[in-house]
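Thanks for coming, everyone. I'd like to walk you through one model today, so please have a look at the screen.

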Amino acid sequence: VVGIGKDEFFLASDATPIIEYTDQVIYLEDEEICHIRRGKELKIVNLHNVEKKHTIEQVTLSLGQIEKGGYPHFMIKEIMDQPACMMDCMRGRINVEASNIVLSAIIDNKDKLLSARRFIIVACGTSWHAGLIGKHLIESFCRIPVEVEYASEFRYRNPVVSEDDVVIAISQSGETADTLAAVELAKQKGAFIYGICNAIGASIPRATHTGSYIHVGPEIGVASTKAFTGQVAVLTMLALTLAREKGTIDEDTFRTVLKEFSRIPEQMQQVLTLNDKIAELSKIFTYAHNFIYLGRGYSYPVALEGALKLKEISYIHAEGYPAAEMKHGPIALIDAEMPVVVLATKNRLYEKVLSNVQEIKARKGRVIALITEGDTVMPGIADFCIELPDLPECLTPLISTLPLQLLAYHIAVCKGLDVDQPRNLAKSVTVE
Ligand code: M6R
């Protein structure tokens, strides 16, 4: 992107670092070259030196959005901002009284989406975890098969993709090289591409046929937090809308889930009051060398996401596992030195997760359990419990992710690490 100032220009990979100086920008296309010369007009040409027309766009970002707002790190600001971000993400899209969800990309492309033979979600890292939750939502509500692929694998696998497929590309930055390449490949094979991105005007939203922005504002901390909950929120709205159009959800379920969904910002606010408690808890685990995160169903991707957050900012080795897989290997790792974070909210599989916790305790592992408020059984078994509000199972990831983000954050702070810019990592991975 090129920023146009008064007698000056700026170059950056997105508009965020430029906004301090100018809100006038030009987004360059692939294979365009921008000539910037002192005292001369800016000129854009293609590889054959043919001049290209350009449009100056006004960026709507405000400076406040890219400042820490009194917090010591961007990451904690972005965690704490999630209730407000959720409202921004839902604004103009949901209407509880009318029991309606409006995603313009779905209205405009209804036939294409409803006639899809299957959906393929391509993404990397945290966005891939959101994709796993999307699979669960779309398959449960819409009864459309969904595959979730690492974009980096998909692009080199010569995947079977056809015109009957819809590919959903999820990316916070909209610039991840592997996800962009996966989009281009799927497009060549005739698939219809739906983008779920945060950065407005980035390469992926420009390369897709349609899409929905998550509207959570710029995310600056390298560890993705509010983008994850924004992605899951958009996937929830997408699944509910398509399910209603397809007739695969009954009206009562739609209304109940939508009503509870609209209350997510206040539920998040309640969960964030646990911050001090989690900060205290993190002191106990600062010097752990390993962590295991367990969850089932909708909570399995949350376990993966909790482990990724811990790894990337605290440099503690952590693994996320589906809880029932524990007996197929990871249980061998459990001893008194192994903290195990268990997503154990009340749902169909609660009793099974409870029995996993008993197995861990029998081997002296230390259990931090995320439970539903009012659960009187788990506090008698687990070492530490974090209580969460009672929600329909499909909405729990929007809430249960927050304590895991806080846990990773506080452990990294206790270790004195650079939370916002962890070693070896970049915010936008624009190379392979
Ligand atoms: O911008 P993207 O969502 O495409 O980025 C994908 C991953 O690079 C990103 O989620 C990464 O895993 C984060 N650092 C995780 O916190």
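Helices here are DSSP runs of H or I with at least four residues, strands are runs of E with at least two, and both are numbered from the N terminus.

A word on where this comes from: it is a predicted model, where local features need pLDDT of at least 70, side-chain atom pairs count only at pLDDT 80 or more, and totals for chains, interfaces and linings use all residues. Residues are numbered from 1 along each chain as its sequence is written, and side-chain values use heavy atoms, leaving out hydrogens and water.

Back to α13. Is it enclosed or open? Because 13 of its 16 residues are buried, α13 is largely enclosed by the rest of the structure. Buried means under 20% relative accessible area, exposed means over 50%, and partly exposed is in between, using a 1.4 Å probe and protein chains only.

Now compare helix α9, residues 226-246. Its 21 residues reach 30 Å from first C-alpha to last, close to the 30 Å expected at 1.5 Å a residue. With 18 of those 21 residues buried, α9 is therefore largely enclosed by the rest of the structure too. Gly247 follows α9, and its phi is positive, near 75°.

Next, a loop residue. Where does Thr208 sit? Thr208 lies in the loop between α8 (203-207) and β13 (210-213). Its relative accessibility is 12%, so Thr208 counts as buried. Leaving aside residues up to four places away in sequence, Thr208 touches Val183, Ile193, Tyr194 and Gly195, where a contact means heavy atoms within 4.5 Å. Thr208 and Glu184 are 24 residues apart in sequence, with their C-alpha atoms 8.6 Å apart in space.

Finally, let's zoom out. The protein chain has 15 helices and 18 strands, and its C-alpha atoms fill a box of roughly 75 × 50 × 45 Å along the principal axes. Of its 432 residues, 55% are buried. Among contacts with a separation of 6 or more, 71% join residues 24 or more positions apart.

That's my tour, and I'm happy to take questions.

Notes: The expected span of a helix is 1.5 Å times one less than its number of residues.
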